[in-house]
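The sequence and the structure come first.

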Amino acid sequence: MDNTVFSTKIEPTFENVSATRLAVEAACKKNYPQPAAEPLIGELLMAATEAMNNAVEHSGAKEVEIELAAGAQGLIFRIKAAGKRFDPPAEIGFPDLDGPDGLPEGGFGLAIIREMVDAVDYAYNDGKNTITLTKYISKS
Amino acid sequence: MKIELTSHSSHIVIVITGEIDMSSSPELRARLLELIHKKPPVLFVDFTSVSYIDSSGIATFVEGLKGMMPYGGRLKFVSIPPKIAEIFGFAKLDKVFEIHGSMDDALRP
């Protein structure tokens, strides 16, 4: 059973993303205080930040719901925002740096999300996109 | 985020402190492009005190590098903390940017 350890609703601004990242970090560290968990929490925060940035930039929602749960396997970060359905590309990878158009200036966000957590789930229900990020962390 | 400009052996060093994210990267972009407009042969970025970078920060530096490449300018990163180096490695950006462990290393031609 997963326990919600942090939840909030924010107005979608990048300043609020920065503040929420710090609050989520504090909640993560409270549940996994051992030093070995720190780099894993850092990776979850990178993915969570990119997901929040995307919601602010693309959803057009008036508010964004954020929840962090701690379960037996680790941490689960969930973000929900109203907007058009988002279907992620079938293949998500870092941009091709040797492509014909030269160095890409975008396309890093989704790849960071994919790379930094153990599972990513995209869902669309009742006009809201929900992205769930799971990061496995041992309690010991 | 705080940006300071210092010089080392007559080169410009951009010293960044704090988090490079969506709310701070526009300021970094403006400062970086302003410097690049003057076409310095080399720009150093000191990452020692950078605690976080997101995709907007990465995009800012890619844009900066693309602004320097046409005239042969070089963008050199110095003292990147491990967790930031990890992202650069995943994205293979460590093959694109010149990354050095110290200013002394970075100053070698």
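## A charged pair between the chains

The side chains of Arg21(A) and Asp21(B) form a salt bridge, at 3.3 Å from N to O; the term stands for a side-chain nitrogen of Lys or Arg within 4 Å of a carboxyl oxygen of Asp or Glu. Between chain A and chain B the count is 2 salt bridges.

## Basis of the values

The model is predicted, and local features need pLDDT of at least 70, while side-chain atom pairs count only at pLDDT 80 or more and totals for chains, interfaces and linings use all residues. Residues are numbered from 1 along each chain as its sequence is written, chains are lettered from A and ligands numbered from 1 in the order in which they are written, and side-chain values use heavy atoms, with hydrogens and water left out.

## The sheet of chain A

In chain A, an open sheet of 5 strands runs in the order β1-β2-β3-β5-β4 with antiparallel pairing; strands (E, at least two residues) and helices (H or I, at least four) are DSSP runs numbered from the N terminus, and two strands pair if DSSP finds at least two bridges between them. Because β1 (3–10) and β4 (119–125) of chain A stand at the edges with a single partner strand each, one side of each is left without a neighbour in the sheet. Neighbouring strands of this sheet are turned by 15 degrees against each other on average, direction ignored.

Strands β2 (residues 64–70) and β3 (residues 74–82) of chain A pair in the antiparallel sense over 7 bridges, and Leu68(A) has Phe77(A) in β3(A) as its bridge partner.

## Helices on the sheet

Helix α1 (residues 14–31) of chain A packs on the sheet and touches β1, β2 and β3 of chain A, its direction making about 170 degrees with that of β1(A). Here contact means heavy atoms within 4.5 Å, and angles, from 0 to 180 degrees, are taken between N-to-C directions of lines fitted to C-alpha atoms, for helices over the stretch in contact. Helix α2 (residues 38–59) of chain A lies across β2, β3 and β5 (128–136) of chain A, at about 5 degrees to β3(A).

## The interface

The contact takes 22 residues from chain A and 22 residues from chain B. About 2,000 Å² is buried between the two chains, 66% of it given by carbon and sulfur atoms; buried area is the accessible area (1.4 Å probe) that two parts lose on being put together, summed over both. In chain A, Met46(A), Leu103(A) and Glu105(A) lose the most area to chain B, together 31% of what that side buries.
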